[in-house]
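Keep the structure open while you read.

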Amino acid sequence: MQIQTLQFVKKVAPPWTAGTVNTPVGSVFRLSSDWSRPDYWGMIKSRSGAFRMNYAVSPGLYAVGDPTKDSDVFVTANYKLTFDMLRRELKGMQAWILVLDTKSINVWCAAGKGTFGADELVNRIVTTKLDAVVSHRRLILPQLGAVGVNAAEVQKRTGFRISFGPVQAKDIPAYVQAGYKKTIEMRTITFPMLDRLVLTPMEINPAMKKFPWLAAGILLFFGLEPQGVLFKQAWFGGLPYLILSLASVLGGAFVTPALLPFIPFRSFAIKGWLIGLLAVFAVHQLLHLPAPGDTIAMIVSYLFFPVMSSYIALQFTGSTTFTGMSGVKKELKIGIPIYIGAASISLVLLIVLKVKEWGLL
Amino acid sequence: MKYLANVTTLSYAADKCAGCGRCVEVCPQGVFEMQDKRAAIIDRDLCMECGACARNCEFGAISVNAGVGCAAAIINSMITGGEPSCDCSGSGSSCCG
């Protein structure tokens with residue numbers, strides 16, 4: 001029963017295909033170059049983190065237009081969004097697309113992990129009998145795949161010579177037209193504001209997942225009175241701190257990534273700290289905080305929340321196109337002791353505040 | 001955009017370069033350019049240590065301690081003691097789509 005179901009699924013053409021193309025080794029699906037509504041909806045969902053892990057297409061060989069044995073072969077990952085961008089950009093061309101099994105991860109990340117690598121490429125060339133489908137021995141790989149693929153090794157093992165194409169699929173038509181030559185723009189990766197903005201939901205989501213714990217801690221702390229936990233106290237005492245926490249999350253996970261090149265200093269920790277500082281200042285002004293004479297609350301605000309924003313901003317190093325491991329290690333080496341120190345001092349100060357409030361000092 | 005200065009582990013031995021141009025072809029940051037039929041480093045601080053150049057240099061002229069420049073991955077590796085990787089939240093899950 002299980003096997004029957006699998007076979008049935010395999011025979012059904014995915015909605016983004018348009019018929020089949022015959023090759024000497026069997027028929028392959030011809031791709032539609034246009035996006036349909038599910039393709040757009042899938043992009044939105046995967047960008048927002050709803051089902052990133054299962055957004056995949058079956059690895060193997062696909063056709064664009066009516067390719068012949070002389071047509072170019074473009075290699076890509078089986079993350080559906082990556083695949084969709086490629087098929088859209090190849091509109092009007094006659095080409096083959098060889099999809100590697102990267103566990104539904106994009107080219108760059110998969111190349112870093114090794115799933116977009118020489119072994120998988122060689123294996124896919126063999127299983128699709130690519131050498132019988134095309135008479136030439138050329139492959140065009142996305143440039144960012146070079147992190148995981150040793151071109152010389154693939155050539156030795158299969159005879160196929162690799163050209164690393166442009167970084168972005170949208171430059172492929174110009175690259176092909178120029179005789180497979182890249183301009184410096186085609187081979188360098190940029191990180192414009194729009195690219196940064198689409199990544200921010202994946203920064204805000206994980207931070208907000210931890211937020212209920214922080215919120216519960218804040219409310220409990222302010223509600224704690226000698227006679228028990230008072231709801232009114234918790235709410236009125238804790239609310240400003242909840243707002244400051246939210247401002248720090250937004251500062252580190254949204255404002256810092258969005259304004260990245262415009263914030264002074266190269267260090268992400270410092271960028272995030274500066275934005276956090278501004279956020280705390282803004283919240284204080286808006287809410288007329290802290291109450292006059294409340295020096296300790298003021299110190300805690302400015303000590304803890306900018307550091308929280310800094311820590312969250314540092315997480316964005318995982319999404320950028322230009323931060324390296326040595327740099328992030330350096331930031332963490334200096335940053336982590338400061339983060340732990342600031343958080344500890346803030347906690348001690350809050351306890352002092354509480355003890356004073358209870359009249360024990 | 002440039003990240004921190006003087007931190008990259010990139011090293012390049014020009015005397016081993018055969019002038020094939022692979023490093024220029026694969027570097028996404030434009031660190032290398034061809035000058036007089038040999039690769040030359042234009043700006044070291046642009047390097048993000050992705051490792052594409054070293055992996056594709058057939059002549060062993062380039063070496064770099066490649067890895068992910070991701071705070072979560074590095075913190076994770078500090079705790080678990082492995083190499084920093086994109087598998088931040090255990091098996092079957094990933095931070096990068």
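Predicted model: local features only at pLDDT ≥ 70, side-chain atom pairs only at ≥ 80, totals over all residues.

Chain A splits into two parts, with domain 1 covering 2-188 and domain 2 covering 194-357. Taken over C-alpha atoms, the centres of domain 1 of chain A and domain 2 of chain A sit 42 Å apart.

Now for the helix pairs, side by side:

| Helix pair | Angle | Axis separation |
|---|---|---|
| α2(A) (residues 37-47) and α3(A) (residues 80-89) | about 140 degrees | 10 Å |
| α5(A) (residues 118-127) and α7(A) (residues 151-158) | about 30 degrees | 10 Å |
| α12(A) (residues 231-258) and α13(A) (residues 268-287) | roughly 140 degrees | within 9 Å |

Let's start with α12(A) and α13(A), whose axes cross at roughly 140 degrees. That angle makes α12(A) oblique to α13(A). The crossing here is right-handed. On the α12(A) side, the contact is made by A:Ile243, A:Leu244, A:Ala247, A:Gly251, A:Val255 and A:Thr256. Facing them from α13(A) are A:Lys271, A:Gly272, A:Ile275, A:Ala279, A:Val280, A:Val283, A:His284 and A:Leu287. Sort the residues of this α12(A)-α13(A) contact by class and you get nine nonpolar, four polar and one charged.

Next up, α5(A) and α7(A), which pack at about 30 degrees. These two helices are therefore roughly parallel to each other, and α5(A) passes α7(A) in a right-handed crossing. From α5(A), the residues involved are A:Ala118, A:Asp119, A:Leu121, A:Val122 and A:Ile125, and they meet A:Glu153, A:Val154, A:Arg157 and A:Thr158 of α7(A).

What about α2(A) and α3(A): is their crossing left-handed or right-handed? It's left-handed. With an angle of about 140 degrees between them, α2(A) and α3(A) are oblique to each other. Here A:Asp39, A:Met43, A:Ser46 and A:Arg47 of α2(A) touch A:Lys80, A:Leu81, A:Asp84, A:Met85 and A:Arg87 of α3(A). By class, the contact of α2(A) with α3(A) has five charged residues, three nonpolar and one polar.

On to charge pairing. Side chains of opposite charge can pair when their charged atoms come close. Over all chains, the structure holds 17 salt bridges. One of them joins the side chains of A:Arg138 and A:Asp72, at 2.9 Å from N to O. Since A:Arg138 lies in strand β6 (residues 138-141) of chain A and A:Asp72 in strand β4 (residues 72-76) of chain A, the pair ties together parts that are 66 residues apart in sequence.

Notes
Residues numbered from 1 in each chain as written. Chains lettered and ligands numbered in written order. Heavy atoms only, no water. Domains from an automatic or database assignment. Axes fitted to C-alpha atoms, helices over the stretch in contact; angles between N-to-C directions. Helix = DSSP H or I, 4+ residues; strand = E, 2+ residues; numbered from the N terminus. Parallel < 35°, antiparallel > 145°, perpendicular 65-115°, else oblique. Left-handed = near helix turned anticlockwise from the far one by under 90°. Contact = heavy atoms within 4.5 Å. Nonpolar A, V, L, I, M, F, W, Y, C, P; charged D, E, K, R; others polar. Salt bridge = Lys/Arg side-chain N within 4 Å of Asp/Glu carboxyl O.
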